[in-house]
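Work through the exercises below with the sequence and the model open. Each has a task sentence and a solution in steps.

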Amino acid sequence: MKAEGRKGFTLVELLVVIAIIGMLVGLLLPAVQQAREAARNMSCANNMKQLGLAILNYEANVKRLPPAYTESYAPNKNPYGRHSGLTFLLPYLEQAGVYQRFDLTKDYDSTQTNDDGGTNAEAGKVDISMFYCPSSPRSGSPYCSDYLPMTLMNNWVVKYSNNTCGTSRTVENVLGALSPHDNYKTRWGCEGMQEPRSIGEIRDGCSNTFLYFEDSGRPDFYENGAQKTFVPNSGEGRNGTADLIAEWASPVTTCQHIAATAIMNHHNCGEIYSFHTGGCNTVFCDGSVRFINNGIGSDTFISLFTYNKGDIVKDAF
């Protein structure tokens, strides 16, 4: 008589199979996470590429680069209220409907009724997904931007005794490619009223000059990859909560210094900061987007930041 065959697994065999599956998952999970981050990084770079093209299209139409932001300190030369530079780019980002809701002679947060019956404050509360980096953790705060121009580099990079990214360059109030409508003489000690520049004024070369950066995670405060409680006036540019304002329509959505201990990815209070591994995406004046490594030398960074100093970038970045 033929013996009946076994119909199932033994406990030992089952445990071996589970162990093998666990090992495979452990091996594959990091690869899956890396693939997801690579996809998010690519999506972020695409967002910034759209910003770069919008800026170049604006310049081709207006013959000037868009303002980094507009302020009301010098009304004789500035016809606008207080606005973010992103507002001026809306028609070139397929957001003309939102742009038309603004009255640019009023401030971005004005509650006065415009001709269309709405207000600037309402228009600025439209959520625009391409202003978000997919790698940035969202706290639920809407209508923010993870992308901003850096208009001014001050001396935080050399000011503190704990400086670990020192430079041989003078960096007191060095101006970037995108300029605001603002009175820098009064506010920052720079000469004259700053007005938007033309591409022709980028004498260091459009492919060698920064235009837009990441400053992700705001209005939450992040430092060295961890979310922390914000402590104002605690050094390295943390002068107040203003630098954590991330509303895309606000003129405060700009970066005006780099930290003393790191060129980027130290904290996101008005600094260059991303949640990508190893660096940040950056738009250049030719519209290209390149990934800048955390290890970039400070002198190289300053050379790429300035627009008319005759800098020659010698080191790889």
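**Exercise 1. Find which residues form one aromatic cluster.**

Solution.
Step 1. Phe210, Phe213, Phe284 and Phe301 form one aromatic cluster. Rings of Phe, Tyr and Trp (its six-membered ring) pair if their centres lie within 6.5 Å; planes under 30 degrees apart count as stacked, over 60 as edge-to-face and the rest as tilted.
Step 2. The structure is a predicted model, in which local features need pLDDT of at least 70 and side-chain atom pairs count only at pLDDT 80 or more, while totals for chains, interfaces and linings use all residues. Residues are numbered from 1 along each chain as its sequence is written, and side-chain values use heavy atoms, with hydrogens and water left out.
Step 3. Nine aromatic pairs are present in the structure. One of them is Phe210 with Phe301, a tilted pair with 5.1 Å centre to centre and 45° between the planes. This pair links distant parts of the chain, since Phe210 is in strand E8 and Phe301 in helix H7 (residues 298-305), 91 residues apart. Helices (H or I, at least four residues) and strands (E, at least two) are DSSP runs, numbered from the N terminus.
Step 4. Phe213 also pairs with Phe301, again tilted, at 6.3 Å centre to centre and 35° between the planes. Here strand E8 holds Phe213 and helix H7 holds Phe301, 88 residues apart.
Step 5. Phe210 and Phe301 are both buried, and Phe213 is buried as well. Buried means under 20% relative accessible area, exposed over 50%, partly exposed in between (1.4 Å probe, protein chains only).

**Exercise 2. Which residue lies over the face of Phe284?**

Solution.
Step 1. The residue is Arg290, at 3.7 Å from the ring centre of Phe284.
Step 2. The criterion is that a charge sits over a ring if NZ of Lys or CZ of Arg is within 6 Å of the ring centre and within 35 degrees of the ring normal.

**Exercise 3. How many salt bridges does a search of the whole structure find?**

Solution.
Step 1. The search gives five. A salt bridge is a side-chain nitrogen of Lys or Arg within 4 Å of a carboxyl oxygen of Asp or Glu.
Step 2. Among them is Glu201 with Arg64, at 2.9 Å from N to O. The two partners are 137 residues apart: Glu201 is in the loop between strand E7 (193-194) and strand E8 (210-214), and Arg64 is in the loop between helix H1 (11-62) and strand E1 (69-70). Glu201 is partly exposed at 24% relative accessible area, and Arg64 is partly exposed at 38%.
Step 3. Asp103 and Lys106 form another salt bridge, at 3.8 Å from N to O. Asp103 counts as partly exposed at 22%, whereas Lys106 counts as buried at 16%.
Step 4. Asp215 bridges to Arg218, with the closest N and O atoms 3.5 Å apart. Asp215 and Arg218 are both buried.

**Exercise 4. Examine the backbone at Pro219, Lys63 and Glu94.**

Solution.
Step 1. The peptide bond between Arg218 and Pro219 is cis, with omega about 10°. Pro219 is in the loop between E8 and strand E9 (222-223).
Step 2. Lys63 is not a glycine, yet its phi is positive, near 70°. Lys63 is in the loop between H1 and E1 and is exposed at 57% relative accessible area.
Step 3. Glu94, also a residue other than glycine, has a positive phi near 60°. Glu94 is in the loop between helix H2 (85-89) and helix H3 (96-99), and is exposed at 77%.
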